[in-house]
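Subject: Structure handover

Hello,

Here is the structure we spoke about. Please have it open as you read; my notes follow below.

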Amino acid sequence: MKQETKFYFWLALRMLMSRGSQLFSLSGLNALTGLILGVACLVVSMAVMSGFESTLRQSVVDVTGHIQILIKSSSGIPKKELVDRIKVLEPSFQAATRFSYLEAVMAHEGKISGVVLQGLDPEDVTQVLGMQKRLIDGKFQLKALEDGKTEKVDQALIGRGLAAQMDLKVGDRFRLVLPLRNDLDPSQFRRKLGTFQVSGVLDLGKYEYNQRMILTSLEATQKLAEIGDRYSGLLLKFKEVEKSRAIAAKLGAGLGSGYIIRDWKEVNENLFEAVGLERVVVFFVILVIVIAAAFNVASTLYVNVVTRYSEIGLLKSMGVSKKRVAQIFSFQGLVMGFIGLCGGLLLGAFLCFLFGWVESQYSLLPGSIYRVDRIDLLVRPVDILMISAATLLICFVATLAPALRGSSLSPVEGLKNE
Amino acid sequence: MSSGTSPILSAKRISKSYPQGAGHLDILKEISLDIHHGEAICIVGASGAGKSTLLHILGTLDRPNSGELSFGGRSLLSMADEDLSLFRNQEMGFVFQFHHLLTEFTALENVLIPLRVRGVSKSESEDRAAEILNTLGLGERFEHFPSQLSGGELQRVAIARALIGRPQILFADEPTGNLDSHNSAVIQDLFFQLKESFGLTLVVVTHDPQFSRKFPRVLKMSDGRWV
């Protein structure tokens, strides 16, 4: 850095940090407090939005995998054959598991509820999905228990919302009613009943999943739906979840028209788009607080300029140019912005911590409204970068007017202000 | 108001007026002045005669409504702000009635500012500021803030600041106007000593007849004109 530039930074800082500076006046401290609060609001709101999106994404990925392939034809295709084709098309393939998907009605102790029954292959489900870590009670058991003494009962994992709604605990049995096509009269359905035992309760993250999802073995669903060894499709896992969309497009083109291929985001496209849009809206709405606070900073700086007329005149008499005077006051504005930003980031981080603690003690989010039962706040570096850049830019722009006022002052005008 | 040799600073037909009501108030009326290298000029006159305004215009701190101002043949009124600021930093020094020191800076820091503005390094600026403060008898006051200095000391620090950049011309506007008689006499003598040792051209505005009598060239102003 040039000697001259170093000097102006030093001069600006010394003038700003001096005891008589407006920074330490009531209005200066108020302006800084406003800025700190505005930045803290931005940090918390962005952490909530990012946490919401991340919680939602993890929940969807844990339940549906990175990519879902639905087989259109009813004839079925062996898993190995389909996986071999996928491996050729996408080398980042890691694992696949078969699944079947049924809609049914659950009945238990006089209560009924519409549910989604997902049959999964117990052999390889944990390689693809993250269900196991979502177990909050019981065992991660999909296969029917066979101990030779008791009758063989299909095991099921249920969402915690459903468990609460139907008053089900681990070890309880419940019945499912499945409508099947009546081959004799296609206009009618016939009922198929199945009995399951709760092996575990899952917290699936997303409200709808917790309220409706039942997981069992693929074999149990095949038996219940009378579909032999056919299955609905494959759930796939690849190296990088972020590339899912591009991989899905590649698989779609490579596998042909016999399959419906959706990545994790597409499964909940509207929801993720809404969350993304909401994040942008929230950012700009709360940014208004920062803008208002930045203009308070500008007012403080303006008073600082006015009270320093004689110093400005003196500096000009010593050869400080208009441009340099403007730089001195702009730099002061940026320093105030930086102090407010740092304070705001620290306060925001503290509030995020506090939010997490309160959330762990009390249920803050009604899942029926927010789609998730809890949010793990996520402070992303990119959010901090955006907040910092926006705050400093706003402070710089807001302090231009007082800086230009100072620079336009004639030396004599300043010197007369003793 | 000129002599035979080529002037270092030349003002020709300088006029300055300020708006007042529907009309304007004339402060300087086509005033001319040539200042030669090494001269010591004193401008005297009643309050409101236009002395300070003329000094400010000669020192490029203010602009006239009309007229010409040149330094070594170079027109000063047509210079861009950046160039004029650099010129002022290198060629001119100012001492005012009030010391105008930056209150949150020490004596040493106040004095070194003109050098730092010019881009001189911190260590060199500090060495030169210490040297000139020692010369002016303020060797024990480097780290003192203006609030800790007496009136005479403040004005000596202001003089040190004006001279540290080795200007060609030193302008002083009522430099003793705020001092008691003892300090006033000390500062008056200091100006002439420094003029000789620094090879300065000195332009001083004063009300003090005792001070003005020490100058070889005294110019009197009245109502914006020489008398």
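Just after α11(A), A:Gly319 takes a positive phi of about 100°. Helices here are DSSP runs of H or I of at least four residues, strands are runs of E of at least two, and both are numbered from the N terminus.

Some ground rules. This is a predicted model, in which local features need pLDDT of at least 70 and side-chain atom pairs count only at pLDDT 80 or more, while totals for chains, interfaces and linings use all residues. Residues are numbered from 1 along each chain as its sequence is written, chains are lettered from A and ligands numbered from 1 in the order in which they are written, and side-chain values use heavy atoms, with hydrogens and water left out.

Helix α11

Helix α11 of chain A covers residues 309-317. It is largely enclosed by the rest of the structure, because 9 of its 9 residues are buried. Buried means under 20% relative accessible area, exposed means over 50%, and partly exposed lies in between (1.4 Å probe, protein chains only). The buried residues include A:Glu311 and A:Lys316.

Cavities

The structure holds 2 cavities of 30 Å³ or more. A cavity is a set of points on a 1 Å grid over the protein atoms alone where a 1.4 Å probe fits but cannot get out; a pocket is an open set with protein on both sides within 12 Å along at least five of seven lines; lining residues have an atom within 4 Å of a point. Grid points are joined across faces, edges and corners, and a volume is the space filled by probe spheres set on the points.

The largest cavity has a volume of about 120 Å³. Its lining has 15 residues, and A:Met318, B:Met92, B:Gly93, B:Pro114 and B:Arg161 lie nearest the centre. Two or more lining residues come from each of α11 of chain A and α2 (81-91), β6 (92-95), α3 (107-118) and α5 (151-163) of chain B. β6(B) gives the most, with 3 residues. By class, this lining has 8 nonpolar, 4 polar and 3 charged residues. Nonpolar means Ala, Val, Leu, Ile, Met, Phe, Trp, Tyr, Cys and Pro; charged means Asp, Glu, Lys and Arg; the others, Gly among them, are polar.

The second largest cavity has a volume of about 40 Å³. Its lining residues include B:Asp62 and B:Arg63.

Second largest pocket

This pocket holds about 330 Å³ of space. It is lined by 16 residues, with A:Tyr101, A:Val116, A:Tyr209, A:Met213 and A:Val267 closest to its centre. α6(A) gives the most to the lining, with 3 residues. The lining divides into 8 nonpolar, 4 polar and 4 charged residues.

A:Ile67 lies in strand β1 of chain A and is buried, at 0% relative accessibility. Beyond its neighbours within four places in sequence, its contacts (heavy atoms within 4.5 Å) include A:Leu234, A:Phe238 and A:Arg262.

Chain A is assigned domain 1 (2-59 + 271-416) and domain 2 (73-257). These bounds come from an automatic or database domain assignment. The C-alpha centres of the two domains lie 50 Å apart.

Best wishes
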